[in-house]
Amino acid sequence: FFPSWDAGIDAARAITQAEVPLSMLRLSNEIETETQLRLAGHDELIKWLQRYLGMRGIGSGQCMMVIGATGSLGATRRMRREALAIAKRYHGVHVGKAIGKSWAKNRFRGPLLRNALWDAGYAADTVETSVNWPQATKTMRAIEAAAREVLYADNERVHAFTHLSHVYRQGCSIYSTFVFRSAGDPDEDMARWRRLKSCVSMAIIEHGGTISHQHGVGVDHAPYLVHEKGELGLDLMRAMAREFDPQQMMNPGKLFV
């Protein structure tokens, strides 16, 4: 746990650029950290955790980092030791393996929770991008702000939260989740989602992010690809498609028309 997002992202960048070969590094922002702890379902244990963190100088605004290492016992111990040493320099407090193990156990329950939310009258969606490290915080804040603004125009609120899910020497992936109330009408739900998608996508483009990190472009993201690649870039892609896929067998219409 880190006392702030700024401390956490500085630590994430330092661990990555030190080339500690972790299998996973995930940093949750303030809202996602609180959300994850509330969903944990262990109120008394969370209270004790917060008391301990408070004694270590970590209170409101705290951000949680989960790291994972795979390999031989000696290698994983070395990775863990190196990562924790760097985290400590940025005022990170290690609280053991329990939260990480719980995350690993429950990570695939998300779709079930999404379906339960839909039955309860709520919709959930995600967006992901990648940016260079200096742009990460501004991009993350802009994505969440765009989601709040577009739903505020509908007199609705949104629960928006974010984590870094992939990290590299030059930058990181930003993965944001949105939970908001369904309008109760399929057409209005679709219209609301399209407005949300458009606003957060433009926020990504305006901050120099990729329109998709690893989930692909496809029909939903294709209109924004020109902002990332430019007309010349798209022309080059069209030329390659004409040469290598003249019969248009490779999923046509998902990048350009």
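In helix α1, Ala11, Ala14 and Ile15 meet Ala83, Ile86 and Ala87 of helix α4. Contact here means heavy atoms within 4.5 Å. By class, this contact has six nonpolar, no polar and no charged residues. Ala, Val, Leu, Ile, Met, Phe, Trp, Tyr, Cys and Pro count as nonpolar; Asp, Glu, Lys and Arg count as charged; the others, Gly among them, count as polar.

This is a predicted model, in which local features need pLDDT of at least 70 and side-chain atom pairs pLDDT 80 or more, while totals for chains, interfaces and linings use all residues. Residues are numbered from 1 along each chain as its sequence is written, and side-chain values use heavy atoms, with hydrogens and water left out.

**The helix pair**

Helix α1 spans residues 5–17, and helix α4 spans residues 73–89. Helices are DSSP runs (H or I, at least four residues), as are strands (E, at least two), numbered from the N terminus. The two helices pack at an angle of about 145 degrees, with their axes 9 Å apart. Axes are lines fitted to C-alpha atoms, for helices over the stretch in contact, and angles run from 0 to 180 degrees between N-to-C directions. The crossing of α1 and α4 is right-handed.

**Salt bridges**

Side chains of opposite charge can pair when their charged atoms come close. A salt bridge is a side-chain nitrogen of Lys or Arg within 4 Å of a carboxyl oxygen of Asp or Glu. The whole structure has twelve salt bridges. Among them are these:

| Salt bridge | Closest N to O distance |
|---|---|
| Arginine 26 and glutamate 32 | 3.5 Å |
| Aspartate 154 and arginine 192 | 3.6 Å |

Burial is judged by relative accessible area: buried is under 20%, exposed is over 50%, and partly exposed is in between (1.4 Å probe, protein chains only). Arginine 26 is buried at 16%. Glutamate 32 is buried too, at 1%.

Glutamate 34 is partly exposed at 44%, and arginine 38 is exposed at 66%. These two lie four residues apart in helix α2 (residues 30–39), so about one helical turn separates them.

Aspartate 154 and arginine 192 form a salt bridge. This pair links distant parts of the chain, 38 residues apart. Aspartate 154 sits in the loop between α7 (136–152) and β4 (158–167), and arginine 192 in helix α8 (residues 186–206). Salt bridges that share partners join Asp154, Glu188, Arg192 and Arg195 into one network. Aspartate 154 is partly exposed at 25%, whereas arginine 192 is buried at 6%.

Key. A crossing is left-handed if the near helix is turned anticlockwise from the far one by less than a right angle, and right-handed if clockwise.
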